[in-house]
Amino acid sequence: MRRTKLDIYADILEVVKRHKDGCGITRISYGAGMPNDRTRKFLNELISFGLIKPHVEDPKKYVITTRGLEFLDAYYKLKSILECQ
(Lines give C-alpha, C1' and ligand atoms only; values in the text may rest on other atoms or scores of the structure.)
Protein backbone atom coordinates (compact mmCIF):
# COMPACT_ATOMS: atom_id res chain seq x y z
CA MET A 1 0.00 0.00 0.00
CA ARG A 2 1.30 3.44 -0.93
CA ARG A 3 1.87 5.95 1.87
CA THR A 4 0.11 9.27 1.57
CA LYS A 5 1.71 12.58 2.51
CA LEU A 6 -0.26 12.52 5.77
CA ASP A 7 1.12 9.06 6.56
CA ILE A 8 4.66 10.31 5.98
CA TYR A 9 4.05 13.38 8.15
CA ALA A 10 2.76 11.13 10.92
CA ASP A 11 5.74 8.75 10.59
CA ILE A 12 8.20 11.64 10.89
CA LEU A 13 6.33 13.22 13.79
CA GLU A 14 6.23 9.89 15.60
CA VAL A 15 10.01 9.49 15.27
CA VAL A 16 10.61 13.04 16.53
CA LYS A 17 8.13 12.55 19.37
CA ARG A 18 10.01 9.48 20.65
CA HIS A 19 13.20 11.53 21.08
CA LYS A 20 12.44 14.10 23.77
CA ASP A 21 15.90 15.68 23.56
CA GLY A 22 15.60 16.28 19.83
CA CYS A 23 16.22 14.16 16.81
CA GLY A 24 18.63 14.62 13.89
CA ILE A 25 17.80 14.19 10.25
CA THR A 26 19.63 10.87 9.87
CA ARG A 27 17.65 9.25 12.68
CA ILE A 28 14.43 10.69 11.27
CA SER A 29 15.31 9.36 7.79
CA TYR A 30 15.89 5.85 9.11
CA GLY A 31 12.78 5.94 11.28
CA ALA A 32 10.58 7.13 8.42
CA GLY A 33 12.23 4.89 5.83
CA MET A 34 13.23 7.66 3.43
CA PRO A 35 16.47 9.10 2.05
CA ASN A 36 17.87 12.27 3.70
CA ASP A 37 17.09 14.60 0.79
CA ARG A 38 13.43 13.60 0.72
CA THR A 39 13.22 13.75 4.50
CA ARG A 40 14.63 17.28 4.49
CA LYS A 41 11.81 18.43 2.16
CA PHE A 42 9.19 16.97 4.50
CA LEU A 43 10.89 18.52 7.54
CA ASN A 44 10.74 21.94 5.90
CA GLU A 45 7.02 21.45 5.26
CA LEU A 46 6.41 20.35 8.85
CA ILE A 47 8.31 23.39 10.14
CA SER A 48 6.23 25.70 7.93
CA PHE A 49 3.04 24.09 9.34
CA GLY A 50 4.31 24.63 12.89
CA LEU A 51 4.33 20.88 13.66
CA ILE A 52 8.04 20.65 14.48
CA LYS A 53 10.78 23.17 15.23
CA PRO A 54 14.56 23.20 15.54
CA HIS A 55 15.82 22.37 19.03
CA VAL A 56 16.79 25.50 20.99
CA GLU A 57 20.19 24.17 22.09
CA ASP A 58 21.06 22.25 18.93
CA PRO A 59 19.49 23.61 15.72
CA LYS A 60 20.53 20.43 13.83
CA LYS A 61 17.95 18.53 15.87
CA TYR A 62 14.18 18.81 15.73
CA VAL A 63 11.48 18.61 18.39
CA ILE A 64 7.73 18.20 18.04
CA THR A 65 5.47 21.11 18.94
CA THR A 66 2.13 21.06 20.74
CA ARG A 67 0.49 21.52 17.38
CA GLY A 68 2.43 18.49 16.09
CA LEU A 69 1.11 16.39 18.97
CA GLU A 70 -2.41 17.57 18.17
CA PHE A 71 -1.90 16.58 14.53
CA LEU A 72 -0.81 13.06 15.56
CA ASP A 73 -3.82 12.70 17.85
CA ALA A 74 -6.22 13.77 15.08
CA TYR A 75 -4.42 11.58 12.52
CA TYR A 76 -4.75 8.44 14.66
CA LYS A 77 -8.40 9.18 15.49
CA LEU A 78 -9.27 9.63 11.82
CA LYS A 79 -7.30 6.54 10.84
CA SER A 80 -9.16 4.41 13.41
CA ILE A 81 -12.53 5.73 12.20
CA LEU A 82 -11.70 4.92 8.58
CA GLU A 83 -10.42 1.42 9.42
CA CYS A 84 -13.66 0.50 11.19
CA GLN A 85 -15.68 0.76 8.01
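**View 1. Ile52 stands opposite Ile64 of strand 3.** This close-up, like the others here, comes from a predicted model. The isoleucine pair is a handy place to begin looking at the sheet. Strand 2 and strand 3, the latter spanning residues 61–64, run antiparallel to each other and are joined over three bridges.

**View 2. An open sheet is built from three strands in the order 1-3-2.** Which strands lie at the edges? They are strand 1 (23–24) and strand 2 (52–54), each of which pairs on one side only. Strands of a sheet, as a reminder, pair through backbone hydrogen bonds.

**View 3. Helix 1 packs on the sheet.** Here we turn to residues 5–18, which make up helix 1. The helix touches strand 1, strand 2 and strand 3, and its direction makes about 100 degrees with that of strand 3.

**View 4. Helix 1 and helix 4 cross with their axes within 10 Å.** Helix 4 covers residues 66–83, and the crossing angle is roughly 125 degrees. Because angles of 65 to 115 degrees count as roughly perpendicular and only those over 145 as roughly antiparallel, helix 1 is oblique to helix 4. The crossing is left-handed.

**View 5. Side by side, the residues where helix 1 meets helix 4.** From helix 1 come Leu6, Asp7, Tyr9, Ala10, Leu13, Glu14 and Lys17. Helix 4 answers with Gly68, Leu69, Phe71, Leu72, Tyr75 and Tyr76. How do the residues of this contact divide into nonpolar, polar and charged? Nine are nonpolar, one is polar and three are charged.

Key. Residues are numbered from 1 along each chain as its sequence is written. This is a predicted model: local features need pLDDT of at least 70, side-chain atom pairs count only at pLDDT 80 or more; totals for chains, interfaces and linings use all residues. Side-chain values use heavy atoms; hydrogens and water are left out. Two strands pair if DSSP finds at least two bridges between them. Helices (H or I, at least four residues) and strands (E, at least two) are DSSP runs, numbered from the N terminus. Contact means heavy atoms within 4.5 Å. Axes are lines fitted to C-alpha atoms, for helices over the stretch in contact, and angles run from 0 to 180 degrees between N-to-C directions. Angles under 35 degrees count as roughly parallel, over 145 as roughly antiparallel, 65 to 115 as roughly perpendicular and the rest as oblique. A crossing is left-handed if the near helix is turned anticlockwise from the far one by less than a right angle, and right-handed if clockwise. Ala, Val, Leu, Ile, Met, Phe, Trp, Tyr, Cys and Pro count as nonpolar, Asp, Glu, Lys and Arg as charged, and the others, Gly among them, as polar.
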